[in-house]
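Open the model in your viewer and keep the sequence panel at hand. This tour goes from stop to stop, with something to select at each one.

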Amino acid sequence: MHLIFLVLIALLSIVGYHIDSYTKHLRKACKHIPGPWSVPVLGCVGEVLTITPKKLLERSFEVCIEYGYLIKAWFLNHFCVFSMDAEFNEQLLASSRTITKDKLYDMLKPWLGTGLIISSGDKWHARRKIITRTFHFTILEQFLEIFERQSSILVENLSEKADGKTPFNIAPYISAATLDIIAETAMGVEVNAQIDKNVPYTSAVAEMLEMMSWRFLYVHLHSDLIFSILYPFKKLRQTKLIKLMHSFARGVIGNRRKTLENSLNAQQSVANENDVDDIGRRKHKALLDVLLQSSIEGQPLTDEDIREEVDTFMFAGQDTTSTALGFTLHLLARHPKVQQKVVDELNQIYGENNPLDFTLMNLNKLKYMEHVIKESMRLYPPIPLIGREITEDFKYTHSRVGDGVLLAGTQVIVSIFNTMRQPDIFENPAEFIPERHESTNVANAYSYIPFSAGPRNCIGQKYAMYEMKVLISKILREYELLPLGPD
């Protein structure tokens, strides 16, 4: 027994030595950056064991007050620099040498592969160039009919709850609407999430998004191995959901490719403006059509290449928009004067009793509504944190902590949430004040970053803004939002 104990101590010592050695040079390079108290080998074990997902943002505020907007922290073999600092964010996010995503995104690979969100290097540059064409204003204009039609279904569904007395959770309604919209604009298919609650694909997307959100909140579940050991049945469920979604996407891609080939054989474009569907609606060019007609270095994208990007859009374009829209409606309900100003603007542009005839031009005129959306996303960004992995030594300058270098292997977490609540940038940062966005000097591009910033900023931000404007316009034309239920 005594020998076993000694062997165990020796093994733990060896493991501890290697763990400490793994991050020692990274920590040494950042010795001038402040951070919470750490113990040998274990690092910030106290923080890791005591912090919970519900306390994460609250604790991050406390850390800012205690150590500043740029801090370092480590646990076992994980070393991170956390930034809530616009000065540092600008140098990191603007650089073309720091576009590799943090390892925590790896948990998305079974579902998304290495699509636009996760890929880096030449693959990312090539895909980004292709997909940018999807958001040309001529294609966005075509999407407005989809936005309007699906928002009309949302307004009709909300009528069952509109008694003006009973609070209810609007999130499932919004989520179904944005899922219908992204499916039709990305893949060109109607999944009818708002009408049929039991469609396998839409249920799988909703369940998968919930599971991924849950795993992101718990650091130990970022490891697929640990997730599989601790939650084997959830792992099996995840595998089943991914298989179902991949099968659906591949089926759509296969059918769309055949349609494209038949159209080309007939020397007729699949996006011909005179084409109509079987119920008389004009056909729209979806993201999928752009991908099917694209090539990289003369080679067309494979079905699996296309499947990665379609699934990426379903992930990135649905939950983020529904989250932003939900918080915006919540804030409008609790600020009736702001809500009335939005309604007044709508009536001024469209006429109080006239139908809402959406064009990009008149949507661009909804300036105050845009300020409201921006302020909502400042307070409650749909993506509160983003991560980068430093793959080559990165030099930076800083007015407070001094000049320094992040060595290759350092993980960087940018807190979008905290960055946009800094009192030295935003006066009364916890208050909802849409008017602050009337000034172009409200913040520079790297302190107001709900869509991230730099080369890897959100490629669909204009799409999302137009979608939210249409949905909010339709809802406010039909209903008054009341501050029922808890804040």
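The model is a predicted one. Is Ile-226 buried or partly exposed? With 34% relative accessibility, Ile-226 counts as partly exposed. Together with Ile-226 they make a nonpolar patch on the surface, with about 400 Å² of accessible area.

**Another isoleucine**

Go to Ile-99, in the loop between α4 (86–94) and α5 (109–112). Ile-99 has 7% relative accessibility, so this residue counts as buried. Leaving aside neighbours within four places in sequence, which residues are in contact with Ile-99? They are Gly-121, Trp-124, His-125, Arg-388, Pro-455 and Arg-456. Next, pick Ile-118. Ile-99 and Ile-118 are 19 residues apart in sequence, and their C-alpha atoms are 9.9 Å apart in space.

**The whole chain**

Zoom out. The chain has 18 helices and eight strands. Of its 487 residues, 48% are buried. The accessible surface comes to about 24400 Å², and carbon and sulfur atoms account for 58% of that. Take the contacts between residues at least 6 apart in sequence: 73% of them join residues at least 24 apart.

**Into the core**

In soluble globular proteins, nonpolar side chains tend to be buried together. Here the largest nonpolar core has 121 residues. Select Trp-111, Leu-329, Leu-332 and Leu-406, the members that touch the most other members. Then colour helix α13, residues 303–333: this helix gives the most to the core, with eleven residues.

**A hairpin**

Select strand β1, residues 70–75. Five of its six residues are buried, so β1 is largely enclosed by the rest of the structure. Look across from Ile-71 and you find Phe-82 in β2. Two residues lie between the strands of this hairpin, and Leu-76 takes a positive phi near 55 degrees.

**Salt bridges**

The structure holds 24 salt bridges.

- Lys-109 and Asp-106: their side chains meet at 3.4 Å, N to O. Lys-109 counts as partly exposed at 37% relative accessibility, and Asp-106 is partly exposed at 37%.
- Glu-184 and Arg-149: their closest N and O atoms are 2.7 Å apart. This pair links distant parts of the chain, 35 residues apart, with Glu-184 in helix α8 (residues 171–187) and Arg-149 in helix α7 (residues 137–158). Glu-184 is buried at 8% relative accessibility, and Arg-149 is buried at 14%.
- Asp-311 and Arg-307: their closest N and O atoms are 2.9 Å apart. Both lie in helix α13, four residues apart, about one turn of the helix. Asp-311 counts as buried at 0% relative accessibility, and Arg-307 counts as buried at 4%.
- Lys-123, Arg-127, Asp-305, Glu-308 and Glu-309: select them together to see a network of salt bridges.

Definitions and conventions: Residues numbered from 1 in each chain as written. Predicted model: local features only at pLDDT ≥ 70, side-chain atom pairs only at ≥ 80, totals over all residues. Heavy atoms only, no water. Core = buried A, V, L, I, M, F, W, Y, C linked by side-chain atoms within 4.5 Å. Buried < 20%, exposed > 50% of the residue type's maximum accessible area, 1.4 Å probe, protein only. Pairing = 2+ DSSP bridges. Patch = residues over 30% accessible without salt bridge, like charges linked within 9 Å, V, L, I, M, F, W, Y side chains within 5 Å. Areas by Shrake-Rupley, 256 points an atom, 1.4 Å probe, with all protein chains shown as cover. Salt bridge = Lys/Arg side-chain N within 4 Å of Asp/Glu carboxyl O. Contact = heavy atoms within 4.5 Å.
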